[in-house]
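Dear colleague,

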Amino acid sequence: LLCASQDFDFFYFVQQWPGSYCDTKQSCCYPTTGKPAADFGIHGLWPNYNNGNYPSNCDSGNPFNQKISDLMSSLQKNWPTLACPSGDGNKFWSHEWEKHGTCSESELDQHDYFEASLKLKEKANLLQVLKNAGIKPDDEFYELDSIEEAIKDAIGYTPGIECNVDGSRNSQLYQIYLCVDTSASEFIECPMLPKGRCASRVQFPKF
Ligand code: 5GP
Ligand code: 5GP
Ligand code: 5GP
């Protein structure tokens, strides 16, 4: 397309709470590198359109090439895979790059894409933000509004909160979406919030 310098409008930066991935009926598997820390982990950095649609799998000619060895230990710590069977993370990172990262390759090459994601996680510092507001992973229930408010107060923008259900059908905090500008450096107000499927009070499980 003539003059299209980038073919998406913003990113969702999505982090997952490992306790909520693992305590579902489907369960989880720890990475071969060991049990992750009790912290949010990166799920992905997803190019999106303002209308809620999103591009995917944009360039099969640009597969995951693992030229990110300098980021490897940080990726293992901050972007751990919890799917079964256990893996070292490369399959998850490869999936995220190929499905999502190739759709922002006009802005970020592979190394930039993973590096930017790691920086965004550090910048958001979500677990600390929630703890500062008295919201911690202790199996207690918290008002959804108070979770949103704590993040909005600290980061400046309303997050999207996604819940799933545990084995006892409790609604629990699963993923947090922050919106990011197309250069993947600044948080922005979300043009569109994802549908979250949360109850008004949600559990924050231990991990
Ligand atoms: P789910 O159906 O579990 O919500 O999402 C499955 C996958 O679809 C996600 O892991 C992600 O790859 C993609 N996806 C879901 N919602 C969105 C969205 O709003 N934007 C983008 N870019 N991808 C999404
Ligand atoms: P999505 O398409 O939802 O972005 O990517 C999710 C895919 O990555 C699924 O195929 C899932 O099996 C795989 N995957 C590997 N590790 C993880 C993980 O820790 N969390 C999630 N949500 N998906 C993972
Ligand atoms: P995918 O089919 O893309 O691997 O994953 C589809 C959905 O199932 C993802 O959104 C992810 O959250 C979930 N999922 C995939 N593998 C696992 C797993 O091993 N354990 C759990 N708890 N969820 C999974």
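The model is a predicted one, in which local features need pLDDT of at least 70 and side-chain atom pairs count only at pLDDT 80 or more, while totals for chains, interfaces and linings use all residues. Residues are numbered from 1 along each chain as its sequence is written, and chains are lettered from A and ligands numbered from 1 in the order in which they are written.

The buried residues of α6 (144-155) are Ile147, Ala150 and Ile151. Seen down the helix axis, these buried residues fall within an arc of 90°, so they line one face of α6; the arc is that of the directions from the helix axis to the C-beta atoms. Their cover includes α5, β3 (141-143), β4 (160-165) and β5. Helices (H or I, at least four residues) and strands (E, at least two) are DSSP runs, numbered from the N terminus. The 12 residues of α6 should span 16 Å at 1.5 Å a residue, which agrees with the 17 Å between its end C-alpha atoms; the expected span is 1.5 Å times one less than the number of residues. After α6 comes Gly156, with a positive phi near 105°.

**Helix α4**

Tyr113, Phe114, Ala116, Ser117, Leu120, Lys121 and Ala124 are the buried residues of α4. They fall within an arc of 160° when seen down the axis of α4, so they line one face of the helix. Asn125, which follows α4, has a positive phi near 50°.

**The nonpolar core**

The largest nonpolar core has 38 residues, of which Phe11, Phe13 and Val180 touch the most other members. Such a core is a set of buried Ala, Val, Leu, Ile, Met, Phe, Trp, Tyr and Cys residues joined through C-beta atoms within 7 Å. At least two residues of this core come from each of β1 (10-16), β2 (41-48), α3 (90-99), α4 (110-124), α5 (126-132), α6 and β5 (171-180). The largest share, seven residues, is supplied by β5. Neighbours within four places in sequence aside, Val180 is in contact with Phe10, Phe11, Phe13, Leu120, Glu186, Phe187 and Ile188; contact means that the C-beta atoms of two residues, placed from the backbone, lie within 7 Å.

**The ligand shells**

A residue belongs to a shell if its C-beta atom, placed from the backbone, lies within 6 Å of the ligand. Around ligand 1 are Tyr12, Trp46, Asn48, Tyr54, Lys99 and Pro194, which divide into four nonpolar, one polar and one charged. Here Ala, Val, Leu, Ile, Met, Phe, Trp, Tyr, Cys and Pro count as nonpolar, Asp, Glu, Lys and Arg as charged, and the others, Gly among them, as polar.

Ligand 2 is surrounded by Gln16, Tyr21, His43, Gly44, Thr81, Leu82, Ala83, Phe92, His95, Glu96 and Lys99. This shell divides into four nonpolar, five polar and two charged residues. Both β2 and α3 supply at least two of its residues, and α3 gives the most, with four.

Gln16, a member of the shell around ligand 2, is found in strand β1. With 21 C-beta neighbours inside 10 Å, Gln16 counts as buried. Its C-alpha atom is separated by 6.6 Å from that of Ile176, 160 residues apart along the chain.

Ligand 3 has around it Tyr21, Thr24, Gln26, Ser27, Cys28, Ala83 and Cys84, of which four are nonpolar, three polar and none charged.

**Backbone features**

Ser27, in the loop between α1 (18-22) and β2, has a positive phi of about 60° although it is not a glycine. Ser27 is exposed, with 11 other C-beta atoms within 10 Å. Arg197 lies in the loop between β6 (187-188) and β7 (201-203), and its phi is also positive, near 55°. Cys84 and Pro85 are joined by a cis peptide bond with omega of about -5°; Pro85 is in the loop between α2 (72-78) and α3.

Yours sincerely

Definitions and conventions: Buried ≥ 20, exposed ≤ 12 C-beta atoms within 10 Å, placed from the backbone.
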